[in-house]
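Here are my comments on the model, as numbered points. Please read them with the structure open.

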Amino acid sequence: MPEAAPPAASSPSLSSSSPASSAQSSLVPASLLLSRGVVRLEVMLKLTTAILALAAGVYTYLGVRDLLNGSATMVFFAALIYSVAVSVGIYAFWVFLMQFMPHVVDRTGRWMMFGCMLLGSLMIVAMSSWLNASALAGAAAIRQHLAITVQDYTRDLDAANTNAIAAQGLLPDIQIAASRFAKLAEAERTGSLTGTSGSGTVVQLLTQMSSQLDSLGKEVEASGKRVSTLFEEGGKHLAKMREMVSDRGPIGERSDGFATESLALMGVIANLQQTSVAPAVKRAATSLSSSFIAPAASSRSVDLADRQTTVVGKVEGAVAAQATSLAAAADAILDRPKIEPARFQAMSPAEAVLRYAGDFIPSWAGAISIDLMPAVLVLILCVVHAAIRREGLPASHASTMTAAELMAALKMAREVEQANRTVSAPVMPLAPDQPAQQPAAEPATATDENVTALASARHVK
């Protein structure tokens, strides 16, 4: 019985196949590998470009929808048509560059193609990228616009309140002056000023000045309460505006509510500026000095009348000094710049993204990258085709040819061989007395091996 072959006999063939295949693959030129990679990735390139164009179209639709006005149906179809046009344009542009740009080898043509790519990229940014950024960061940009407006209104409200309550700083001076005149009137009743007790001309004058200053002080104090009430009202409007900024609802509705609150707040700021009592203090101080009429001495005694006239002159000087001080303080308040709050301007997401573009650089980068990402693929194709041209694409050999290529090569080889035989066959010249040989008779048709020719059969017999 024959012995079985040792199993180790098959191991050399298996072990030698791997080094042979690796050596064979290492002999494949790089240009051939690059050309095969381009062929394999051609569908992937188009699919990637189509997906990027579709994404750009979707975000363009979201961005352009907020810019259109009209019925919901009209806005939908208009935005859809625009986004489809953008997607088709972007896809066609990059596919054209992928097909033609890598094969333009001359310097002039290559620079012209780069110019076309730059121009097309700018047009894509103009018609799509800023709308993509609007769709990505439009709501955030409007929210930032509202937040900045809240800060401005807060500053204006504080400034208006400061100007309005600045006149409250005059209240202590007014109260002190009124109290001083009242004390002088009480002192004059005992004769401290004129040396004669009683309620005469000096007492009446001092009491009148004290009453006027006291009424002015009460007006300033009442103004402070009105200012405090208005400031609290303005704070409530600001609180509502801050809630709208940090809310999660639709940004359009929040913007409309924000505009309503801003109008109410502007009214509060205007009322604060009109509530300021500084103009009233200025008028009162002016009237104290300009409308002061020194009363005549009421005493029949010449000596007492002279003393009353002297005291009245001193009171007039004190009133003039007090009026000058109050008028100067009121002028300092009135010289402050008037607060003019900026009117709130509602913005669309696209406008907000453009105004605050510097604050949304990542969103802009993402929006532009969606549109211009195929430019990197175009440049990669240009580099790969340039490498293939430098190395040259070698002729295919049997180990790397497909079945169709092999059949075509065999057919071409047979045709070339037949053509060579026809051209290289020698033609022998004929002698003059030698007749041309008749062509050999056609070989007999092969017959069946069991059938014997008639002539042969007779000879055998």
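1. Element order. From the N terminus on, the protein chain runs α-α-α-α-α-α-α-α-α-α-α-α-α-α. That is 14 helices and zero strands. Keep in mind that this is a predicted model.

2. The protein chain has 461 residues, and 34% of them are buried. Take the contacts with a separation of 6 or more: 81% of these are between residues 24 or more positions apart.

3. Surface. The protein chain has an accessible surface of about 28,600 Å². Carbon and sulfur atoms contribute 63% of that surface.

4. A nonpolar patch. Which residues make the nonpolar surface patch of about 550 Å²? They are Phe 76, Phe 77, Leu 80, Ile 81, Val 84 and Val 88. Phe 76 sits in helix α4, which spans residues 72–100. Its relative accessibility is 38%, so Phe 76 counts as partly exposed. The cut-off for patch membership is over 30% relative accessible area.

5. Aromatic pairs. The whole structure contains six aromatic pairs. One of them joins Tyr 61 and Phe 76. The geometry is edge-to-face, with 6.2 Å centre to centre and 85° between the planes. This pair links distant parts of the chain: Tyr 61 belongs to helix α3 (residues 42–65), Phe 76 to helix α4, and the two are 15 residues apart.

6. Burial within that pair. Is Tyr 61 buried or exposed? Tyr 61 has a relative accessible area of 16%, so this residue is buried; the cut-off for buried is under 20%. Phe 76, at 38% relative accessibility, is partly exposed.

7. A pair inside one helix. Phe 96 and Phe 100 also form an edge-to-face aromatic pair. Their ring centres are 5.9 Å apart, and the planes are at 80°. Why are these two residues about one helical turn apart? Because they lie four residues apart in helix α4. Phe 96 has 52% relative accessibility and so counts as exposed. Phe 100 has 48% and so counts as partly exposed. The line between the two classes is drawn at 50%.

8. The cluster. Tyr 61, Phe 76 and Phe 77 form one aromatic cluster. Phe 76 and Phe 77 are also among the residues of the nonpolar patch.

Terms used. Residues are numbered from 1 along each chain as its sequence is written. This is a predicted model: local features need pLDDT of at least 70, side-chain atom pairs count only at pLDDT 80 or more; totals for chains, interfaces and linings use all residues. Side-chain values use heavy atoms; hydrogens and water are left out. Buried means under 20% relative accessible area, exposed over 50%, partly exposed in between (1.4 Å probe, protein chains only). Contact means heavy atoms within 4.5 Å. Accessible areas come from the Shrake-Rupley method with a 1.4 Å probe; for residues, only the protein chains shown count as cover. Patches are made of residues with over 30% relative accessible area and no salt bridge: like charges are joined within 9 Å, nonpolar side chains (Val, Leu, Ile, Met, Phe, Trp, Tyr) within 5 Å. A salt bridge is a side-chain nitrogen of Lys or Arg within 4 Å of a carboxyl oxygen of Asp or Glu. Rings of Phe, Tyr and Trp (its six-membered ring) pair if their centres lie within 6.5 Å; planes under 30 degrees apart count as stacked, over 60 as edge-to-face and the rest as tilted.
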